[in-house]
Amino acid sequence: MVWEVLVRLEISNIINKHAYQPAIILGHSPSLDAIKDDLLKYKEAGYILMGVNQWFDLYPTVPNYWTMASTVDTPMNYMKVINTCKLDVLYADSVDLVDKEWLDTVCENDYLAFDQRHFKGKECSVCNTFGCSKYLNTRRLTLQEELMKYTKSNFHYGSGSTGCLHACAFAILMGCDPIYITGIKLDYRVGYANRLNPDVSFSPDVKETDFDELKDSVLIDFQTIKNSAANINRNIFSLADDCLPGIFERKDLDG
Ligand SMILES: [Zn+2]
């Protein structure tokens, strides 16, 4: 079957797509619980919901966008959810090397494939071992470089150790303002937000210590994103006391 509308989106297609609409970045840590029952209400009120990874195990409201930068959480693994939910996907083709010709035949929705590690169009340190140069395009900016250009900043965040960084970058590029963040603790010891089905194993390969070595770099990345957004007078807030305190000002949603 050939789908009538299938677009491989480029960054240029999404720039200012949601100008001055508020957005919510939805991580998976317990602070997500405070808002997830109300997500549909906020979506209907015009908030752009940015989901990541296994969002569908945590809340039933279909987000506006699904960001992935993983070899586990991939369009291929979740194609049934993507097509059932009619959900546009933003995924890193520098991490997930899925064949795009195949993707075109099975994906019924738009998708945007981005690069998150080949800065200045050059190979990275693991190209030889991981093969991540498969889709390297010397004329394509990384997502981080796109954000740097869009925000007229002098610095960009790193290759990104959590998908929420990229979701936040996309929200800025799409013109969203303000942007709210929740569900980011950077410590798997605290576990996850409550699951829709507690009997189903959630991220079984994740170890409690996985963020220990990554946390500092992720915090720097969020600070860089905050500074970039501030450069063009965009605002990012935290919805929870334990979600990136010291970087983002704490603020509740309206309504
Ligand atoms: Zn590479």
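Predicted model: local features only at pLDDT ≥ 70, side-chain atom pairs only at ≥ 80, totals over all residues.
**Entry 1**

The strands are β2 (23–26), β3 (48–52), β4 (65–68), β5 (88–92) and β7. Against β3, α8 runs at about 155°.

Next I checked burial along α8. G163, C164, L165, H166, A167, C168, A169, F170, A171, I172 and L173 are buried. That makes 11 of the 11 residues, so α8 is largely enclosed by the rest of the structure. Just after α8, I noted a positive phi of about 90° at G175.

**Entry 2: the sheet itself**

I traced the strand order. The sheet is open and has 9 strands, in the order β1-β6-β5-β4-β3-β2-β7-β8-β9. The pairing is parallel. β1 (8–9) and β9 (249–250) stand at the edges with a single partner strand each, so one side of each has no neighbour in the sheet.

I then went through some of the pairs. β1 and β6 are parallel over 2 bridges, and L9 stands opposite L112 in β6. β5 and β6 are parallel over 4 bridges. There, V89 is opposite Y111 in β6. β7 (residues 179–182) pairs with β8 over 3 bridges, again in the parallel sense. I181 faces S238 of β8 across that pairing.

Is β6 covered on one face or both? I found both faces of β6 (residues 111–114) covered. Y111 and A113 are buried on one side, L112 and F114 on the other.

**Entry 3: the core**

Which residues touch the most other members of the largest nonpolar core? I listed I25, M50, C168, A171, I179 and I181, out of 67 residues in that core. α8 gives the most to this core, with 9 residues. In general, nonpolar side chains tend to be buried together in soluble globular proteins.

Leaving aside neighbours within four places in sequence, I25 is in contact with M50, C164, A167, C168, A171, I179 and I181. Among these, C164, A167, C168 and A171 are buried residues of α8.

**Entry 4: α9**

I turned to α9 (residues 215–231). This helix has 17 residues and reaches 24 Å from first C-alpha to last, close to the 24 Å expected at 1.5 Å a residue.

Which residues of α9 are buried? I found V218, D221, F222, I225, K226, S228 and A229. They cover an arc of only 165° around the axis, which puts them on the same side of α9.

α7 (143–150), α8 (163–173) and β8 (236–238) are included in what covers the buried residues of α9. Just after α9, N233 takes a positive phi of about 60°.

**Entry 5: S70**

Last, I checked S70, in the loop between β4 and α4 (79–85). Is S70 buried or partly exposed? I counted 16 other C-beta atoms within 10 Å. A buried residue needs 20 or more and an exposed one has 12 or fewer, so S70 is partly exposed.

Beyond four places in sequence, S70 touches N53, V95, D96 and G163. G163 belongs to α8. I172 is 102 residues away from S70 along the chain, and their C-alpha atoms are separated by 21 Å.

Notes. Residues numbered from 1 in each chain as written. Expected span 1.5 Å × (residues − 1). Arc of directions from axis to C-beta. Contact = placed C-beta atoms within 7 Å. Core = buried A, V, L, I, M, F, W, Y, C linked by C-beta atoms within 7 Å. Pairing = 2+ DSSP bridges. Axes fitted to C-alpha atoms, helices over the stretch in contact; angles between N-to-C directions.
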